[in-house]
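Me: Please go through this model with me, and set each term against its definition as you use it.

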Amino acid sequence: MTTHNDVTRNEEKLPPRAAARTVAPPVDIFENADEIVMYADFPGVTPDHVQLNYEKNQLTFSGLVQEEHEQLSSLYGGLSYRRTFLLPGGIDPEKISAELKNGVLKVRLPKQDRLKPRHIPVTAG
Amino acid sequence: MMTRWGDFQGTLAVMDEFRRRMDRVFEDWETGRQDGYSMTDGWAHAWPRTYLADAGASVVVRAEVPGLTEKDVNVTINQDVLTISGARKPEELRGYSVHRQERPATNFVRSFSLPCKVDAERTAAVVKNGMLTVTLPKAPESQPRQITVKAH
């Protein structure tokens, strides 16, 4: 329960908003019985500049663009991508994984075992 | 009937959630509005996003091609026109239902008139981390020249 006197306010736990420009990257979201999979366009981001934050069913991912070209640094310097999604309950936070490949971030959110469909074997009586 | 404490707590949690959502309603929209991204138009109207910069001795063209490798992109120069073409394949996930699809598969061709004559032989194109960078050295006659100012 959250009250005004709560020492740990929600706002303080949220990832800080980048001071520089931030854009919302386009995202694909897929789901099957076992997991939710997200893809986000992160062009120009290297794996060590990606942040994932999962709290109270809220997933935030962000990435900071690394620009090498001097002439393009005014354009891309300090540019970051950031997006937040509210996920349905039942995601196993321990098993969330992410990989970045060719400027695309892939996030896998496995569901908790109790939510997975179960096959009930039928035996002859 | 008396309200059980659990229900009350549940209601508070919902209100808390609601407040949190309201705090963030305009966030994506605001950030999305910058830089030509538009949440309502989608991203497909000019893909890939491309920039052109003059680096003095060369012209640099930058295109955002997330998910593409060097095999997926073609770069050609025909006289003063640079053409970038290629295809982005869809994510191959079988047996998944789709909740949101903002990055569709697409075939693209974009052509740019270059601002000056370039040396096509020495032009280099690199794809790295989903960014295509084409560096086009200017032809000798297009190189910037420093004019010495003399006292009269």
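Reply: In strand 5 of chain A, Phe61(A) is the bridge partner of Leu52(A). This is a predicted model, in which local features need pLDDT of at least 70 and side-chain atom pairs count only at pLDDT 80 or more, while totals for chains, interfaces and linings use all residues. Residues are numbered from 1 along each chain as its sequence is written, and chains are lettered from A and ligands numbered from 1 in the order in which they are written.

Me: What makes strand 4 and strand 5 of chain A a pair?

Reply: Two strands pair if DSSP finds at least two bridges between them, a strand being a DSSP run (E, at least two residues) numbered from the N terminus. Strand 4 of chain A and strand 5 (residues 58-65) are joined in the antiparallel sense over seven bridges, and therefore they count as paired.

Me: How do you know which strands of chain B are the edge strands?

Reply: The open sheet of three strands in chain B has the order 3-4-6, with antiparallel pairing. Strand 3 (73-78) and strand 6 (106-113) each pair on one side only, so these are the edge strands. Eight bridges join strand 4 (residues 81-88) of chain B to strand 6, and among the partners are Ser85(B) and Val109(B).

Terms used. Helix = DSSP H or I, 4+ residues; strand = E, 2+ residues; numbered from the N terminus.
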